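The tour begins with the whole chain and then moves to single residues.

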Amino acid sequence: MITIEETVDLSSSIYDDAITLRKEVFVLEQQVPIELELESEEKCIHFVLYENKEPLATVRLFPKSNGLYKVQRMAVKHEARKKGFGRDIMIYVEEFVKRNNGTELVLGAQTHAIPFYQRLGYETFGDEYLDAGIQHFDMKKLV
């Protein structure tokens with residue numbers, strides 16, 4: 001059974017699960033320094049997708065202004081990739097934004113992930129840039 005939980009409580013088990021996934025994907029797999037990975041946590045809404053209570057995907061939302069939200073730290077556990085969990089959590093986040101009167105989502109996509117976000121309706125804008133040593137493009141979507 002798939003469930004998606006959300007929290008702003010940094011002492012919750014949901015947040016702990018999000019951090020565990022992010023450390024596994026970004027810090028261990030992609031060699032992102034921990035101090036870059038863990039920043040502005042208290043300003044964000046954290047989401048975790050569970051399958052049979054096992055955390056498999058995470059994303060966080062950074063509320064900006066005037067209905068704009070920034071999608072950050074989207075990660076799927078290595079062995080759970082290519083099974084639709086990334087799409088599922090992104091669709092959930094979009095619905096959350098709509099319910100909270102959001103109008104636009106922006107994100108910084110690792111270049112290899114651009115086709116994934118394009119399938120969800122995001123469009124690139126601006127120039128390619130380096131973030132934490134990884135090539136990115138900014139993307140946006142109206143909701």
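This is a predicted model: local features need pLDDT of at least 70, side-chain atom pairs count only at pLDDT 80 or more; totals for chains, interfaces and linings use all residues.

**The whole chain**

Residues are numbered from 1 along each chain as its sequence is written, and side-chain values use heavy atoms, with hydrogens and water left out.

Next, colour by secondary structure. The protein has four helices and seven strands, taken as DSSP runs numbered from the N terminus (helices: H or I, at least four residues; strands: E, at least two). Followed from the N terminus, their order is β-α-α-β-β-β-α-β-α-β-β. The radius of gyration, taken over C-alpha atoms, is 14 Å, close to the 15 Å that the globule rule (2.2 Å times the number of residues to the power 0.38) gives for 143 residues, so the protein is as compact as a globular protein of that length. Displayed as a C-alpha trace, the protein spans about 35 × 35 × 30 Å along its principal axes.

Switch to a view by accessibility. Buried residues (under 20% relative accessible area, 1.4 Å probe, protein chains only; exposed is over 50%, partly exposed in between) make up 44% of the 143 in the protein.

**Lys141**

Select Lys141, which lies in strand β7 (residues 134–142). Is this lysine buried or exposed? Lys141 is buried, its relative accessible area being 17%. Now show its surroundings: leaving aside residues up to four places away in sequence, Lys141 touches Glu94, Thr103, Glu104, Leu105, Leu120, Gly121 and Tyr122. For one of these, Leu120, draw a distance: the Lys141 side chain reaches the backbone oxygen of Leu120 at 2.5 Å.

Most residues other than glycine have a negative phi.

Select Asn101, in the loop between α3 (85–99) and β5 (104–110). Its phi is positive, about 60 degrees, although Asn101 is not a glycine. With a relative accessible area of 64%, Asn101 is exposed.

Finally, move to the loop between β6 (123–131) and β7, where Ala132 is found. Ala132 also is not a glycine, yet has a positive phi of about 55 degrees. Ala132 counts as partly exposed, at 27% relative accessibility.

Conventions. A polar contact is a pair of N or O atoms within 3.5 Å; within protein, one must be able to donate a hydrogen and the other to accept it, and residues adjacent in sequence count only if both atoms are side-chain atoms. Contact means heavy atoms within 4.5 Å.
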